[in-house]
Amino acid sequence: MNIAFAIVVVFLAIVVISAGVKIIPQSETKVVERLGRFHKVLPPGLNFLIPFIDKPKTIYTRRVETNIGGRHVVRTTATTVIDLREQVYDFPSQQVITRDNVTTEINALLYFQIVDPKKAVYEIDNLPNAIEKLTQTSLRNVIGELELDETLTSRDTINSKLQVILDDATNKWGVKVNRVELQDITPPESVRVAMEKQMQAERNRRAEILNAEGKKQSLILQSEGEKASKINAAEAVKQTEILRAEGEAKAIILNAEAEAEAIRRVAEAVAASNTDPATYMLAMKYIETLREMTSGQDNKTVYIPYEASSVLSSIGSIQSLFKK
């Protein structure tokens, strides 16, 4: 009898001690109440509680499960464990109305973390449900201030606004909202068709503008090429005329120099024979003129000026000069 009683006592002692020993994993905690009043938040590791006096507080958690049909089902369950890691809530699509009265379906992701377990337990009754409803209403308010085009092109702006609003509202619940991400923005079918037509028209307009710009640049380049060609041609003609003029000038100079040298030598020779140089030059020019006058085959008549007798007299002196 005593042995059986001792066994029962030992068993009860083991049950009581095991009920008072709590091992908390890392990144988890529990809020303990003593006789219905907050006592402490259990840290990770080994903790000792007074059985039947200290009790962990029950809280709600949100879990997404996949049913047989492959659809995601959100279930809220009661537990005493508080997860301190960053959590992700995937909210289902909801209809919101933009400022230009377009009904759009939007779903979002919320990344948050419990930083104060005591506030998360005592400041709000059902934390997952409160966060979901707050996110939905805040999303409606933010989208309601924007038009559809702004909603489709301003996701980063919407995410930032939602993050600030939700973080400020959940601060008193001991929750830190790290970021909000919009997944899908689905306008109505009629709006999508109109947007596709608008985008196609915009693409056609851009293509026509690019084509016109290409033709414009082509004409500009062609005119610039013709201009450069004309300039080069004019420059070539100019250079040709300059070179021709320079050649003629040099030829005239060389002829003048040659004639001057000939006159100088003739003058020296005439001076040596006591003959007038001017008379000699006049006679030579007269002979050249007569040669030109009689060079044609049809010229049968030669006209000699009256003053030619004086010039012919000088030819005799030239003849006597060459005989010497």
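Q: How do the residues lining the largest pocket split by class in this predicted model?
A: There are 14 nonpolar residues, with seven charged and four polar ones making up the rest of that lining.

Q: What volume does the largest pocket have?
A: About 480 Å³.

Q: How many residues line the largest pocket, and which lie nearest its centre?
A: The lining has 25 residues. Nearest the centre of the pocket are Ile-59, Tyr-60, Thr-61, Thr-79 and Val-81.

Q: Which element gives the largest share of that pocket lining?
A: β6, with five residues. That strand runs over 59-66.

Q: Which elements supply at least two residues of the pocket lining?
A: Besides β6, they are β8 (82-83), β9 (87-90), β11, α2 (117-122) and α3.

Q: Switching to cavities: how many of 30 Å³ or more does the structure hold?
A: One. The largest cavity has a volume of about 40 Å³.

Q: Which residues line the largest cavity?
A: Leu-110, Phe-112, Ile-131, Leu-134, Thr-135, Leu-166, Thr-170, Val-175 and Val-177.

Q: Where does the largest share of the cavity lining come from?
A: From α3, which supplies three residues. That helix spans 127-144, and β11 (103-114) and β12 (175-186) also each give at least two residues to the cavity lining.

Definitions and conventions
Residues numbered from 1 in each chain as written. Predicted model: local features only at pLDDT ≥ 70, side-chain atom pairs only at ≥ 80, totals over all residues. Heavy atoms only, no water. 1 Å grid on protein atoms, 1.4 Å probe; cavity = no way out; pocket = protein on both sides within 12 Å on 5 of 7 lines; lining within 4 Å. Points joined across faces, edges and corners; volume = space filled by probe spheres on them. Helix = DSSP H or I, 4+ residues; strand = E, 2+ residues; numbered from the N terminus. Nonpolar A, V, L, I, M, F, W, Y, C, P; charged D, E, K, R; others polar.
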